[in-house]
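Here are some notes to read with the structure open beside you. Take the points one at a time and find each residue as you go.

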Amino acid sequence: MRLYSYGHNYALDVVSGKIKQTKIVQLACKRYLDDLDNAWERGYYFDTERAWHAIDFIQNYLKHWQGKFSGKPFILEPWQQFIIWNIFGWVDEYGNRRFQTAYVEVPRKNGKSPLAAAIILYLAIADGEEGAEVYTAATKKDQAKITFNYAKNMLRKSEELLQVCTILTNNISLPEFNSKIEPLGADADTMDGLSVHGAAIDEVHAHKTSEVIDVVSTATGTKDQPLIFEITTAGKDTQTICYIHREYSINVLKGVDGFQDDNWFTIIFGLEELKADSEIWKNPEVWAMANPNMDVSLKRSYFVKEFKRALVTPSYQPVFKQLHLGIWSNVGTTWIEDEDWQKCRAKANNFDLDLMEFLKGKTAFAGLDLAKTMDINAYTLFFPDSECDISHISGCIITFLFCPEDQVKNRSENKLTPYSKWAEEGHLIETPGNVRDDDFIINFILDLHKRFDIQSTAYDPWEATNIAAKLQEQEIEMNEFRQGFKSMSQPTKEFEKMVISQRLQHDGNPVMRWMMSNVMIVSDPAENIKIDKKKSKNKVDGPVSAVMALGEYMTFNPPFKTIEGDVIISI
């Protein structure tokens with residue numbers, strides 16, 4: 001019996017560094033290799049025969065139909081085998097397919113549509129599902145027909161498959177199995193009454209809403225092993241279902257608490273994580289990292305031509321970076337890398353440190369960021385180290401995050417942001433009702449004052465006037481701290497330096513970790529910076545309150561320098 005494929009070896013080569021790849025691709029490969037050792041503990045197993053069955057079907061029965069490859073077998077490249085190997089090889093304890101959603105991001109000309117077409121053909125013809133309904137789906141039926149037409153033309157080149165398939169303009173049917181493949185668009189008269197075994201959704205970044213994906217996904221409920229295969233290039237807008245799925249995929253790969261999803265497969269090719277280096281896109285050594293089919297379906301001569309066009313045409317650069325290098329346009333650079341943030345998790349003897357107990361009675365400064373009445377609200381305590389001085393600030397933070405219980409339930413329904421799990425584990429504090437409960441937050445803060453020596457609290461008067469007034473009535477020192485460049489710039493810069501140099505420790509709250517990955521920074525002409533809530537990918541209330549807490553400490557401890565011996569002068 002054959003054991004491992006080129007897909008398996010691809011994972012080994014990426015993790016070992018033999019194939020140079022981004023951290024995200026490395027994580028996808030490492031996840032597979034780790035699961036070979038550990039997934040059985042969660043009820044999942046790798047079935048090499050199932051994996052080979054899919055690969056053999058594609059390579060033995062499907063043929064290319066365009067250009068010089070027309071009529072030749074569809075031989076999967078190692079990275080494509082890795083995708084097929086994972087999607088069709090992993091099964092649960094009942095023998096059903098483990099992965100029910102696959103999110104794949106790869107730049108243009110890397111064979112997206114042929115790969116998607118091959119998958120839907122396998123699902124309809126060889127997956128063993130009687131009466132399988134399989135779709136190519138998009139916002140418009142014409143877009144959905146791109147992958148559908150690839151499937152039709154592949155079939156026309158296969159004498160064996162033509163004997164069992166009937167090909168019509170908008171339908172491929174398999175009478176023997178009562179199965180079909182059809183294109184499906186949101187502009188159709190209706191998308192009701194579907195019973196979906198499989199669907200390929202191409203160019204997900206073009207979907208302005210989640211309508212198509214929601215309809216298709218919710219129509220899989222009666223199936224034992226459905227598959228929704230999403231494949232796309234990078235996009236422009238962080239407020240789309242594509243970007244939401246992209247961020248969810250990255251959190252799954254990173255293993256962020258609350259994002260463990262054994263039914264979600266993903267691999268993302270592109271230079272998005274490297275774009276902090278503004279010149280990285282000009283480096284030929286990284287082009288193949290974003291384009292795994294370089295020198296196969298993607299001709300290097302074509303790529304170089306497009307690159308030269310971008311060099312001399314500034315207006316084309318964002319398009320080139322987006323479509324050919326997987327760099328999302330109009331999306332800012334990540335502020336603090338997850339790896340740096342995780343290094344700051346407070347530990348003692350390699351175990352997580354209970355900061356609530358460890359810091360009991362210690363001096364702290366607070367930051368309170370109140371959002372709209374139905375959103376997350378954040379309160380952070382910054383505890384400066386006893387030997388801390390303003391030229392070398394160090395310390396710990398604990399962040400408390402509040403959300404109305406009805407909103408926790410509502411936001412957990414799409415399963416892409418695990419509010420309920422975070423609440424169950426105590427990382428997200430539920431408040432009664434469906435709107436912000438000021439009295440609950442006030443009493444919580446008052447209890448913290450009994451536990452810690454909180455000197456003062458910084459608050460933005462927007463949305464916080466009521467709580468600030470009531471806390472002041474309790475003799476709690478409250479100071480206005482507006483979230484403009486003037487107030488936020490210096491503590492934001494200092495916060496960043498503290499994390500990178502590991503002079504800041506935190507309690508490992510997974511909600512705060514998720515929020516840190518959402519932060520986008522903006523600057524003004526004077527190079528002042530601040531967190532921009534509107535441009536950030538998602539909620540950032542925790543990081544904002546942490547910067548405010550640090551800013552409050554810095555306000556009470558202005559920088560000093562020594563002039564001519566013992567004279568200390570404030571600067």
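Predicted model: local features only at pLDDT ≥ 70, side-chain atom pairs only at ≥ 80, totals over all residues.

1. Which strands pair with E15 in the parallel sense? One is strand E19 (residues 504–506), which is joined to E15 over three bridges. There, Cys-396 has Gln-505 as its bridge partner. Another is strand E16 (residues 429–431), again parallel to E15 and with three bridges.

2. Is strand E15 largely enclosed or open? Ten of the ten residues of E15 (residues 395–404) are buried, so the strand is largely enclosed by the rest of the structure. In a regular strand the side chains alternate between the two faces of the sheet. In E15, one side carries Gly-395, Ile-397, Thr-399, Leu-401 and Cys-403, and the other carries Cys-396, Ile-398, Phe-400, Phe-402 and Pro-404. Both faces are covered, with every one of these residues buried.

3. Now pick out Thr-380, which is found in strand E14 (residues 377–384). Its relative accessible area is 0%, and buried means under 20%, so Thr-380 counts as buried. The side chains of Thr-380 and Thr-399 are joined by a polar contact of 2.9 Å. Leaving aside neighbours within four places in sequence, Thr-380 is also in contact with several other residues, among them Phe-365, Gly-367, Ile-397, Gly-542 and Ala-549.

4. Next, turn to another part of the model. Eight strands form an open sheet in the order E5-E6-E7-E4-E8-E9-E3-E10, and the pairing is mixed. The edge strands, each pairing on one side only, are E5 (166–168) and E10 (264–268). From one strand to the next, the twist averages 15 degrees.

5. E5 and E6 form a hairpin with two residues between them, and they pair in the antiparallel sense over three bridges. Leu-168 has Asn-171 in E6 as its bridge partner. Strand E6 (residues 171–174) also pairs with strand E7 (residues 179–185), antiparallel and over three bridges. Here Ile-172 stands opposite Ile-181, while Ser-173 is partnered by Lys-180. The hairpin of E6 and E7 has four residues between the strands, and in it Asn-178 takes a positive phi near 55 degrees.

6. How do the side chains of E6 point? Asn-171 and Ser-173 go one way, Ile-172 and Leu-174 go the other way, and all are buried.

7. Trp-287 and Phe-303 have ring centres 4.9 Å apart and planes at 55 degrees, so their pair is tilted. This pair links distant parts of the chain, with Trp-287 in helix H10 (residues 284–290) and Phe-303 in helix H11 (residues 300–312), 16 residues apart. Trp-287 is buried at a relative accessible area of 4%, and Phe-303 is buried at 0%.

8. Compare that with Trp-341 and Phe-495. Their ring centres lie 6.3 Å apart and their planes meet at 25 degrees; planes under 30 degrees apart count as stacked, so this pair is stacked. Trp-341 sits in helix H13 (residues 338–343) and Phe-495 in helix H19 (residues 485–500), 154 residues apart. Both are buried.

9. Ring pairs can also join up into a group. One cluster links Tyr-10, Tyr-32, Phe-46, Trp-52, Phe-82, Trp-85, Trp-90, Phe-99 and Phe-265.

10. Finally, look for charges over rings. The charged end of Lys-109 sits over the ring of Tyr-302, 5.7 Å from its centre. Arg-309 lies over the face of Tyr-316, at 3.7 Å from the ring centre.

How values were computed: Residues numbered from 1 in each chain as written. Heavy atoms only, no water. Pairing = 2+ DSSP bridges. Axes fitted to C-alpha atoms, helices over the stretch in contact; angles between N-to-C directions. Phe/Tyr/Trp six-rings, centres within 6.5 Å; stacked < 30°, edge-to-face > 60°. Buried < 20%, exposed > 50% of the residue type's maximum accessible area, 1.4 Å probe, protein only. Lys NZ or Arg CZ within 6 Å of the ring centre and 35° of its normal. Polar contact = N/O pair within 3.5 Å; in protein donor to acceptor, adjacent residues only side chain to side chain. Contact = heavy atoms within 4.5 Å.
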